[in-house]
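We will go stop by stop, selecting as we go.

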Amino acid sequence: MANQLSCDKCGNNYEAKNTLQISYKNKSYNFDSFECAISHIAPKCVTCNVIIIGHGLEENNQYYCCKNCMR
Ligand SMILES: [Zn+2]
Ligand SMILES: [Zn+2]
């Protein structure tokens, strides 16, 4: 169908004007919702496994949600 994109997370077809088009780490994605975008590409804290949707902290390619987890 014209002007529809499928979500890279759940495969749902969605009107192109309502999708999220995100470029991250040299890849581009289409998502139908913030929930799909976050669960697909947001990093997780390696200590407590929480999904990081704020700035977070990165060290040696590992992500942490806060300074406490980084120790
Ligand atoms: Zn989706
Ligand atoms: Zn953490």
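What spacing do the donors of the zinc ion (ligand 2) follow along the chain? They follow C-x2-C-x16-C-x3-C. Donors here are N, O and S atoms within 2.8 Å of the metal (3.2 Å for Na, K and Ca); water is not among the atoms, so sites may look incomplete.

Before going further, some ground rules. This is a predicted model: local features need pLDDT of at least 70, side-chain atom pairs count only at pLDDT 80 or more, and totals for chains, interfaces and linings use all residues. Residues are numbered from 1 along each chain as its sequence is written, chains are lettered from A and ligands numbered from 1 in the order in which they are written, and side-chain values use heavy atoms, with hydrogens and water left out.

**Stop 1: ligand 2**

Select C45, C48, C65 and C69. Their SG atoms coordinate the zinc ion (ligand 2) at 2.2 to 2.3 Å. The four donor atoms subtend angles of 103 to 118°, which makes the arrangement tetrahedral (four donors, all angles between 85 and 135 degrees). For reference, ideal angles for four tetrahedral donors are 109.5 degrees.

Now show C45 and C69. Both are buried (under 20% relative accessible area; exposed is over 50%, partly exposed in between; 1.4 Å probe, protein chains only).

**Stop 2: ligand 1**

Move to the zinc ion (ligand 1). Its protein donors are C7 (SG), C10 (SG), D32 (OD) and C36 (SG), 2.1 to 2.3 Å away. This site is tetrahedral too, with angles of 93 to 128° among its four donor atoms. The spacing reads C-x2-C-x21-D-x3-C.

Pick out C10 and C36, 26 residues apart. C10 sits in the loop between β1 (4-6) and β2 (13-15), C36 in helix α1. Helices (H or I, at least four residues) and strands (E, at least two) are DSSP runs, numbered from the N terminus. C10 counts as partly exposed because its relative accessibility is 47%. C36 is buried, at 11%.

**Stop 3: the largest nonpolar core**

Select C7, L20, Y29, F31, C36, A37 and I41. These seven residues form the largest nonpolar core: buried Ala, Val, Leu, Ile, Met, Phe, Trp, Tyr and Cys residues joined through side-chain atoms within 4.5 Å. β4 (27-31) and α1 (34-41) each supply at least two of its residues. α1 gives the most, with three.

Finish on Y29. Beyond its neighbours within four places in sequence, Y29 is in contact (heavy atoms within 4.5 Å) with D8, L20, Q21, I22, Y24, H40 and I41.

Methods: Four donors count as tetrahedral if all angles lie between 85 and 135 degrees; four count as square planar and six as octahedral if opposite donors are over 155 degrees apart and all others between 65 and 115; anything else is irregular.
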